[in-house]
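Please open the model in a viewer and keep the selection tool at hand. The tour goes from one selection to the next and says what is there.

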Amino acid sequence: MFVLPISVLAQTRITMPKNKYKVQDDVKLGNQAASEAEKQFPILNDSDAQRYVAAVGERLVRAIPQQFQQSAFDYRFKVVNASDINAFALPGGPMYVNRGMIEAAKNEGEMAGVMAHEISHVALRHGTAQATKQSSIGTQLGTIGLILGGAILGGEAGAQLGAVGAAAWLTKYSREYETQADILGSQILADAGYDPRDLANMFRTIQQQSGGSRAPEWLSSHPDPGNRYDKINKEAAMLRVSSNPIKITRDFERVQSRLRGMPKAPTMAEIEKSGGSGQQSPVNNGRYQTSVAYPSTRTKSYTGGNLFSMSVPSNWEALEDQNQVTFAPQGAYGNQGITHGAMIGIFQPQSNNLQQATEDYVNGILQANNYLRQKTTYSRGTLSGRNAYSTVLEGRSPITNKNETVTIYTAQMQNGNLFYVAAVAPSGEASRYNTAFRNMINSIRLN
């Protein structure tokens, strides 16, 4: 006679919360909120990182207990270019993992733990279950969009989701549901080959990232991290955990290294501040066109605060972010970046050496745009009377499917920051753009 091990029989039993809404309501709300989220948060344009996170997510989804599986749900995973240790999920399956969470994780198990917690919120339909409790579901479903609780570190980062709705309502997410997500997340982790203790360990990382004893504001309305740490470890002791759980993998090390090598990601607060009400970069609001106007021979002046001034073609728009301005014509920009034009901004390097700072910046560009390769060595020159470096990158653009040339120019500001220009054009149209780029570079005046 086959008998289940006592440890498996003893695992905590989870009951699906009461819910008066249809599964299709979760799907509809999640899709609507996902559309809004992707307008407001910068999705990382890195296919390697996206594939990796999706693969881990799919592994976890396969481990959801059968009684919580919903065939109508479409679990899908994207990386947000934000530094906060956070992730959030939407009803029906869309999930967003912050780049900062991947960079902070000590191993793949910690990252997977955050994801399993969020997947559990979705599987247990906590969004519509919470709305069932609230009674005033009519307005909540329409205006809140039901983003589920910030996974591990909500706090101010979670509050930034107020741009999509949620805000204060989100941070009052029930302790009961957070505990359920921790327990089911632990069970999913064990069944997927991970150690649930890695989810518990992520709370230690939270404390370290938040200044040790200073707990994140988010924890004031969520279970105490010590209690959660103990409960997860207690649950792990009752589960069948692999003797050789997934920890450090080559994919994890490769992707984490890539992300850490990129220019520093903004915080959620900076993303909200730079776009107003949580809106992301205006570049992402564009729409690509197959036909893009050539640079006008007429120019217009642009002043970047008290940092610099320059001239640009009169038919290029100025699209301003917090630390960067992009100049591009209509049809040349969208949610994957630009195909024609120039990006000008400030990079905070680790080194005060101009050449090293330039190499660090270029390496970040190459890692964030893995279709590009460095074609030339670094050339020395001047920009606004200062020592400068330049180099040329090339590759086949995933947007236009044409070879693309990116010329990088750098110079050092008096405060040690790196001033950069990244001039972008299809290689086949270089002759039409080189004069415009050259005139633009020669017009720059650094203050």
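**Before selecting anything**

This is a predicted model, in which local features need pLDDT of at least 70 and side-chain atom pairs count only at pLDDT 80 or more, while totals for chains, interfaces and linings use all residues. Residues are numbered from 1 along each chain as its sequence is written, and side-chain values use heavy atoms, with hydrogens and water left out.

**The whole chain**

Show the chain as a cartoon. Its secondary structure comes to 16 helices and 16 strands. Helices (H or I, at least four residues) and strands (E, at least two) are DSSP runs, numbered from the N terminus. Of the 447 residues, 53% count as buried. Buried means under 20% relative accessible area, exposed means over 50%, and partly exposed lies in between (1.4 Å probe, protein chains only). Among contacts between residues at least 6 apart in sequence, 68% join residues at least 24 apart; contact means heavy atoms within 4.5 Å.

**The nonpolar cores**

Select Leu60, Tyr75, Met115 and Ile119. Within the largest nonpolar core, which has 51 residues, these four touch the most other members. A nonpolar core is a set of buried Ala, Val, Leu, Ile, Met, Phe, Trp, Tyr and Cys residues joined through side-chain atoms within 4.5 Å. Helix α5 (residues 108–123) gives the most to this core, with eight residues. Another core, of 46 residues, lies apart from it, and its members include Val312, Ile344, Leu393 and Ala423.

Go back to Tyr75. Which residues is Tyr75 in contact with, leaving aside its neighbours within four places in sequence? They are Val61, Ile64, Gly92, Gly93, Ile119, Val122 and Ala123.

**Helix α5 and two partners**

Select α5 together with helix α3 (residues 47–62). The two pack at an angle of about 60 degrees, with their axes 10 Å apart. Axes are lines fitted to C-alpha atoms, for helices over the stretch in contact, and angles run from 0 to 180 degrees between N-to-C directions. That angle makes α3 oblique to α5. Angles under 35 degrees count as roughly parallel, over 145 as roughly antiparallel, 65 to 115 as roughly perpendicular and the rest as oblique. The crossing of α3 and α5 is right-handed. A crossing is right-handed if the near helix is turned clockwise from the far one by less than a right angle, and left-handed if anticlockwise. On the α3 side, Tyr52, Val53, Val56, Gly57, Leu60 and Val61 meet Glu108, Met111, Ala112, Met115, Ala116 and Ile119 of α5.

Select Arg125, in the loop between α5 and α6. Its phi is near 55 degrees, a positive value in a residue other than glycine. Is Arg125 buried or exposed? With a relative accessible area of 8%, Arg125 is buried.

Next comes Thr128 in helix α6 (residues 126–134). Thr128 counts as buried because its relative accessibility is 0%. Its side chain has a polar contact of 2.6 Å with the side chain of Asn19 and another of 3.2 Å with that of Asp26. A polar contact is a pair of N or O atoms within 3.5 Å; within protein, one must be able to donate a hydrogen and the other to accept it, and residues adjacent in sequence count only if both atoms are side-chain atoms.

**Further single residues**

- Ala34 is in helix α2 (residues 23–40) and counts as buried at 5% relative accessibility. Its C-alpha is separated by 6.6 Å from that of Pro94, 60 residues apart along the chain.
- Thr358 is in helix α15 (residues 354–368). Not counting residues up to four places away in sequence, Thr358 touches Tyr378, Tyr389, Thr410 and Leu418.
- Asn401 is in the loop between β13 (386–396) and β14 (403–412). Asn401 counts as exposed at 53% relative accessibility, and has a positive phi of about 60 degrees although it is not a glycine.
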